[in-house]
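Have a look at the model on the screen, and I'll talk you through it.

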Amino acid sequence: MFRPKIPTMPTPTGIVTPPAVEPTAIVQHTPAPAPIAPAAPARPTVQLTPGTALALVGGGTAVVLVVGAVLVSMLLAVAVTAASVAVCALVVRSLISSQAKHR
């Protein structure tokens with residue numbers, strides 16, 4: 001059931017026929033000169049209308065406000081964490097010093 005099945009190959013006949021080789025003539029061709037490519041068309045210039053300029057300014061302002069809010073919130077989180085660690089350190093220090101006095 002778990003034995004691998006090995007594919008069986010047909011027995012070789014021993015007769016080998018070489019492929020037919022036909023002689024070919026070597027002819028050298030001179031390459032044709034490459035055609036001169038036409039000049040690339042000029043890219044269209046971007047024209048800023050008052051509406052698109054206002055949209056760009058509004059989008060930039062929104063991005064600056066969002067990034068600023070994220071950075072301020074991260075700074076506030078770090079400050080709150082630092083303050084809570086400092087308070088915990090003071091409480092632990094006070095408990096240790098009060099135990100030392102009672103001995």
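I'll start with the whole chain and then go to a couple of spots on it.

Quick ground rules: this is a predicted model, so local features need pLDDT of at least 70, side-chain atom pairs count only at pLDDT 80 or more, and totals for chains, interfaces and linings use all residues. Residues are numbered from 1 along each chain as its sequence is written, and side-chain values use heavy atoms, with hydrogens and water left out.

So, the fold: the protein chain has one helix and zero strands; those are DSSP runs, H or I of at least four residues for helices and E of at least two for strands, numbered from the N terminus. How much of the chain is buried? Of its 103 residues, 0%, where buried means under 20% relative accessible area, exposed over 50%, and partly exposed in between, with a 1.4 Å probe and protein chains only.

Now Ser98. That one is found in helix 1, residues 50–102. Ser98 counts as partly exposed because its relative accessible area is 28%. A polar atom of the Ser98 side chain lies 2.9 Å from the backbone oxygen of Leu95.

Last stop, Val63, also in helix 1. Val63 counts as exposed, because its relative accessibility is 52%.

How values were computed: Polar contact = N/O pair within 3.5 Å; in protein donor to acceptor, adjacent residues only side chain to side chain.
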